[in-house]
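This report describes a single protein model, beginning with the surroundings of one residue and then widening to the whole chain. The sequence and structure are shown first.

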Amino acid sequence: QGRWQEALRDFRLAQEQFAAAGAADRAAELANNIAVTCLQAKRPQEALDACLGTSEVFLERGDVLRAAQACGNLAAAHEACGHLAEAEQAYRQALSLFAQTDDADNRARTYTALSQLQLRRRSPLAALSTMRAGLEQAGRLNLVQRLLRHLMRFLGRLSGSG
């Protein structure tokens with residue numbers, strides 16, 4: 001509902017309480033909620049500060065899915081701050097972790113975000129390759145995505161790379 005300040009206050013309070021109780025994984029989860037909320041509120045540096053190190057907390061506990069999501073949040077925060085190289089690295093780490101899970105939706109979203117970032121970095125061939133990889137691994141595609149995948153396959157055959 002756009003009440004970012006209230007949400008941030010509540011998330012921070014809960015995070016402090018979980019951290020004080022020694023529930024590092026719950027505190028890290030709330031830190032990621034804070035990061036997402038800060039991004040929505042157009043406060044990218046706060047988002048970045050909030051989610052730094054959270055993926056490691058989840059990995060220490062063997063929670064690969066939440067570690068992948070945390071890497072995606074870190075990438076989005078870096079991107080919003082203009083740290084494009086760091087964002088690309090974090091998106092790649094998220095993809096590597098999502099590959100170990102069955103979360104095809106988040107993996108597809110991460111491929112799309114990485115592809116868009118590569119376009120911003122003026123790497124159109126890398127962006128096309130990333131988008132193609134994402135479409136090839138995606139489960140259910142909508143009509144536009146199916147057409148795009150077929151077009152990319154066709155272009156790949158024409159160029160001799162697919």
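## Leu117 and the nonpolar cores

Leaving aside neighbours within four places in sequence, Leu117 is in contact (heavy atoms within 4.5 Å) with Glu79, Leu84, Ala87, Glu88 and Tyr91. Tyr91 and Leu117 are the two residues that touch the most other members of the largest nonpolar core, which holds 20 residues. Such a core is a set of buried Ala, Val, Leu, Ile, Met, Phe, Trp, Tyr and Cys residues joined through side-chain atoms within 4.5 Å. Buried denotes a relative accessible area under 20%, exposed one over 50%, and partly exposed anything in between, with a 1.4 Å probe and protein chains only.

At least two residues of this core come from each of H2, helix H3 (44-51), helix H5 (64-81), helix H6 (84-98) and helix H7 (104-120). The largest contribution is that of H6, with 5 residues. Another core of 10 residues lies apart from it, including Val57, Ala70, Cys71 and Leu97. As a general matter, nonpolar side chains tend to be buried together in soluble globular proteins.

## Basis of the model

The model is predicted: local features require a pLDDT of at least 70 and side-chain atom pairs a pLDDT of 80 or more, whereas totals for chains, interfaces and linings use all residues. Residues are numbered from 1 along each chain as its sequence is written, and side-chain values use heavy atoms, with hydrogens and water left out.

## Overall architecture

The protein has 9 helices and 0 strands, giving the pattern α-α-α-α-α-α-α-α-α along the sequence. These elements are DSSP runs numbered from the N terminus, with helices (H or I) of at least four residues and strands (E) of at least two. The C-alpha trace spans about 60 × 30 × 30 Å along its principal axes. Of contacts between residues at least 6 apart in sequence, 47% join residues at least 24 apart.

Of the 162 residues, 38% count as buried. The accessible surface is about 9,400 Å², and carbon and sulfur atoms account for 52% of it; the areas come from the Shrake-Rupley method with a 1.4 Å probe, and for residues only the protein chains shown count as cover. There are 20 positive and 17 negative side chains, and the centres of the two sets are 10 Å apart. Lys and Arg are taken as positive and Asp and Glu as negative, without His or the chain ends, and each charge is placed at NZ of Lys, CZ of Arg, CG of Asp or CD of Glu.

## Two buried asparagines

Asn32 belongs to helix H2 (residues 24-40) and is buried, at 7% relative accessible area. Its side chain forms a polar contact of 2.9 Å with that of Asn73. A polar contact is a pair of N or O atoms within 3.5 Å; within protein, one must be able to donate a hydrogen and the other to accept it, and residues adjacent in sequence count only if both atoms are side-chain atoms. Not counting residues up to four places away in sequence, Asn32 touches Cys51, Thr54, Phe58, Ala70 and Asn73.

Asn106, in helix H7, is also buried, with a relative accessible area of 19%. A polar contact of 2.8 Å links the side chains of Asn106 and Asp103. With residues up to four places away in sequence again left out, Asn106 touches Gln69 and Phe98.

## Loop residues

Lys42 lies in the loop between H2 and H3 and has a phi near 60°, a positive value in a residue other than glycine. Lys42 is exposed, at 70% relative accessible area. Arg122, in the loop between H7 and helix H8 (124-137), likewise has a positive phi, of about 65°, although it is not a glycine. The relative accessible area of Arg122 is 72%, which makes it exposed.

Gly53 occupies the loop between H3 and helix H4 (54-60) and is partly exposed, at 39% relative accessibility. Gly53 and Ala28 are 25 residues apart along the chain, and their C-alpha atoms are separated by 8.4 Å.

Leu148 is part of helix H9 (residues 143-159) and is partly exposed, with a relative accessible area of 34%. Beyond residues up to four places away in sequence, Leu148 touches Met131 and Leu135. Leu148 and Ser55 are separated by 93 residues in sequence and by 33 Å in space, C-alpha to C-alpha.
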